[in-house]
Amino acid sequence: MKQLHVLRHAKSGHDDPTLSDHDRPLKKRGRNDARLMGRVLGANGLSPDLIVSSPARRALDTARIVAKQLGYDPQEVQTDRRLYLADIDDVMSVIRELNDAADHVLLCGHNPGLFELALFLGADDLDGLPTAACYRIDFAVDSWAAVMPRHARWHGADRPKNHR
């Protein structure tokens, strides 16, 4: 069994027009929401073997904040450039290439790819994926390379506003 938590980056700023999209930082609300979701995920028993993030500043900062809340070394968060503004094919490639030694993985990235992934893998009750929202999918497989929609078991999504 493989367990995947998928986290959209927290709220970022558009305040500095000199920054590239890749370099946009989290807003204060984003940092607070990332800490909140980290605590919620931890309270629900998440203890990831691996955290992989888009290298974009807003995603990597989100992943590191959540990692800290989970007792995972923030400096051990791995990045994969394919997750930056990825489409579903890119995200599925990243998932299928995950190290099989990791049974519980947290993936942090961007919409629309993460929302499309949820729909592709069977989320029929999801009407969007707001910032800092997270969902969980279990796969009845022994290898990430074998992940297919038919192996997916959807566990729903959670978002910061559910805990304020």
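## Pockets, pairs and backbone: worked exercises

S6 supplies the largest share of the lining of the largest pocket, 4 residues. This is a predicted model, in which local features need pLDDT of at least 70 and side-chain atom pairs count only at pLDDT 80 or more, while totals for chains, interfaces and linings use all residues. Residues are numbered from 1 along each chain as its sequence is written, and side-chain values use heavy atoms, with hydrogens and water left out.

### Exercise 1. The largest pocket

Task: Describe the space, the central residues and the lining of the largest pocket.

Solution. 

Step 1. On a 1 Å grid over the protein atoms alone, a cavity is a set of points where a 1.4 Å probe fits but cannot get out; a pocket is an open set with protein on both sides within 12 Å along at least five of seven lines. Lining residues have an atom within 4 Å of a point.

Step 2. Take the volume. The largest pocket holds about 240 Å³ of space. A volume is the space filled by probe spheres set on the grid points, which are joined across faces, edges and corners.

Step 3. Find the centre. The lining has 14 residues, and those closest to the pocket centre are His5, Leu41, Asn44, Arg136 and His155.

Step 4. Assign elements. Two or more lining residues come from each of strand S1 (2-8), helix H1 (28-43), strand S5 (134-139) and strand S6 (152-158). Helices (H or I, at least four residues) and strands (E, at least two) are DSSP runs, numbered from the N terminus.

Step 5. Sort by class. The lining has 6 nonpolar, 6 polar and 2 charged residues. Ala, Val, Leu, Ile, Met, Phe, Trp, Tyr, Cys and Pro count as nonpolar; Asp, Glu, Lys and Arg as charged; the others, Gly among them, as polar.

### Exercise 2. The second largest pocket

Task: Which elements give two or more residues to the lining of the second largest pocket?

Solution. 

Step 1. Start with the volume, about 170 Å³.

Step 2. Read the lining. Among its residues are Asp49, Leu50, Val52, Gln78, Thr79 and Asp80. Arg82, Val94, Glu97, Leu98, Asn99 and Ala102 also line this pocket.

Step 3. Strand S2 (50-53) and strand S3 (78-79) give two or more residues.

Step 4. Sort by class. This lining has 5 nonpolar, 3 polar and 4 charged residues.

### Exercise 3. Asp138

Task: Is Asp138 buried or exposed, and which side chain does Asp138 join through a polar contact?

Solution. 

Step 1. Asp138 sits in strand S5.

Step 2. Apply the cut-offs: buried is under 20% relative accessible area, exposed is over 50%, and partly exposed is in between (1.4 Å probe, protein chains only). Asp138 counts as buried because its relative accessibility is 5%.

Step 3. Find the partner. The side chains of Asp138 and Arg136 form a polar contact of 2.7 Å. The term means N or O atoms within 3.5 Å; within protein, one must be able to donate a hydrogen and the other to accept it, and residues adjacent in sequence count only if both atoms are side-chain atoms.

Step 4. List the neighbours. Not counting residues up to four places away in sequence, Asp138 touches Met1, Lys2, Gln3, His151, Ala152, Arg153 and His155. Contact means heavy atoms within 4.5 Å.

### Exercise 4. Aromatic pairs

Task: How many aromatic pairs are there?

Solution. 

Step 1. Set the rule. Rings of Phe, Tyr and Trp (its six-membered ring) pair if their centres lie within 6.5 Å; planes under 30 degrees apart are stacked, over 60 edge-to-face, the rest tilted.

Step 2. Count. The rule gives 2 aromatic pairs.

Step 3. Take Tyr135 and Trp154. Their pair is tilted, at 5.1 Å centre to centre and 45° between the planes. Tyr135 in strand S5 and Trp154 in strand S6 are 19 residues apart, and the pair links distant parts of the chain. Tyr135 is buried at 1% relative accessibility; Trp154 is buried at 17%.

Step 4. Take Phe139 and Trp144. Their pair is edge-to-face, at 6.2 Å and 70°. Phe139 and Trp144 are both buried.

Step 5. Look around Phe139, a residue of strand S5. Its relative accessibility is 0%. Beyond four places in sequence, its contacts include Met1, Leu4, Leu121, Trp144 and Val147.

### Exercise 5. Backbone details

Task: Where is the cis peptide bond, and where does Leu85 lie?

Solution. 

Step 1. The peptide bond from Asn111 to Pro112 is cis, with omega near 5°. Pro112 is in the loop between strand S4 (104-109) and helix H4 (113-120).

Step 2. Leu85, not a glycine, has a positive phi near 50°. Leu85 lies in the loop between S3 and helix H3 (88-96). At 46% relative accessibility, Leu85 is partly exposed.

Step 3. Ala132 is not a glycine either, yet has a positive phi of about 65°. Ala132 is in the loop between H4 and S5, and is buried at 1% relative accessible area.
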